[in-house]
Amino acid sequence: MTVLEVEGLEVAYGAVVAVRGVDLAVAAGEAVALVGANGAGKSSTLNAVVGLAPATAGRIRFKGDEIRGVPTERLVRRGLTLSPEGRRVFPGLTVEENLVVGGYARRRAAARTAAEMYSLFPILAERRRQLAGTLSGGQQQMLAIARALMSGPELLLLDEPSLGLAPQIVEQIFDLVATLRGRGVTMLLVEQNVAMALDVVDRAYVMAQGRIVGSGTAAELRASDLVAAAYLGAH
Amino acid sequence: MDFFLQQFVNAVALGGTYALLALGLAIVFSIMGLINFAHGELMTISGYALFFCGLAGLPFLAAAPLAVLAAVVAALLMERIAFRPVRNASGATMLVTSFAVAIILQTLFQNLIAARPRPVALPDALTRTVEIGGFLVGVNKIAAIVVAFAMMAVLNLFLKRTATGIAMRAAAQDFAVARLMGVKADRVIAGAFALSGLLAGVAAVLWVSQRASVDPFMGFVPVLKAFIASILGGLGSLTGAVAGGMALGFIEIFLTAYLPPEWQEFKEPIGLALVIAVLLMRPNGLLPAANVGTEKV
């Protein structure tokens, strides 16, 4: 079953067109990456899916329903959650409170889900009363992912989880993404770090200058020079 | 010493009221970046509710919750009618809107009710004094202190222990991400206004219980003071609002009490000079919000 289907998406900030005619799809149980150089339009694509960036044309269907124009705050109740670029944990809230907000859309299950998150991320359990702003970057990223998982998403959008983290921590984060995939979490992952992203996903789309310039399974993309070309600006 | 203690009680009573008003301003500001100068008119509405309840023969204690409710409803209507249409406009647009709301309401009070102050009958119990440890304290002062601190405690519990309160604090820190988590923008903003109305209503009841009258500009001066208090404490910070309100209450009462008579007419400028001196040393206020300068909505 296709969970997310994007067709002919265009995102424009005033006169600046960031995304032109993007088509992509994610099926249930799949982990898909959207890779490309900085400024290729990856984050704009994700933000448009959740209504945080202006989608000026195209269709965005989630579980068969058109969601373009649906307010951001309603999407999480339908099963679509984004863990935003730059982590953006609530710095003045404790770890525990951040998770409460993550589970806000389904408060009844929140306590049980929080317990699951603490077993998945023991470090967060240790720091549950600490202000999120005082955590290290890697811990903040774990918290951001845990917070997004609190809503029990049917599709998790992960925007640049490795951004700005030390190489060692990046590995931990990718291990975590692999664990989530193993647990059957459907994911669309935006990453600049192609090599590592391809290791943890089934398929990937390559973006350059606002367009999808290629796609394929992780193995196919690793073997082709498409990715290198996209990063070196051949498109 | 007695005189000092008496002034101390007065300062806490006045500071507590300023703190409640400053908290109301801070809650709305932290969530939508609006400094609501019509906050004072919520107080005035509450004051008139007390006056009309009195006319209808309702005892003060029964009128007080109705007066608070009137301010909550008025705050919700204000948000819906005046501020929602300009929610995504610049801070300046919202500020001017709040001035417009304030002036329209003041004019309505003057023309539809009365330009002159109207008396509000207080129960005898509130106008008495009691002797505590050898000095006399007004019951209204004790009530003001107890109610202000009880309100702050309840507000603190609400913001820290309930999912809605935590969601409101999250929205104050990063509105877009709070929405991503399913926190509804309309509801959070309406909730912020309802809370600010609640605080203004309680402050109004306390204010009237010290003065026994209400006029069209009743809310103007205290809210101006509360605004200064919230700047002094750190704009948008709730603990700062309380600290600033208390500090301003102390400055005001102690200048009145201890300045020599020939200096009394300068007490306001001296008080403001003290505030400016604090801000020169701590430009973001006494206890600034964690996210000063971050983007709103």
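This is a predicted model: local features need pLDDT of at least 70, side-chain atom pairs count only at pLDDT 80 or more; totals for chains, interfaces and linings use all residues.

Reader: Which strands of chain A does helix 1 lie across?
Author: Helix 1 (residues 42-49) of chain A lies across strand 1, strand 2 and strand 4, at about 115° to strand 1. Helices (H or I, at least four residues) and strands (E, at least two) are DSSP runs, numbered from the N terminus. Angles run from 0 to 180 degrees between N-to-C directions, with axes as lines fitted to C-alpha atoms, for helices over the stretch in contact. Contact means C-beta atoms, placed from the backbone, within 7 Å.

Reader: OK, what's the strand order in the chain A sheet?
Author: The order is 2-1-4-5, in an open sheet of four strands with antiparallel pairing; two strands pair if DSSP finds at least two bridges between them.

Reader: And which strands stand at the edges?
Author: Strand 2 (16-27) and strand 5 (65-66) of chain A; each has a single partner strand, so one side of each lacks a neighbour in the sheet.

Reader: How many bridges join strand 1 to strand 4 in chain A?
Author: Six, and the two strands run antiparallel. E10(A), for one, has A57(A) in strand 4 as its bridge partner.

Reader: Switching topic: how many residues of chain B are in contact with chain A?
Author: 19, against 23 residues of chain A. Helix 7 of chain B gives the most to that side, with six residues.

Terms used. Residues are numbered from 1 along each chain as its sequence is written. Chains are lettered from A and ligands numbered from 1 in the order in which they are written. Two residues are in contact if their C-beta atoms, placed from the backbone, lie within 7 Å.
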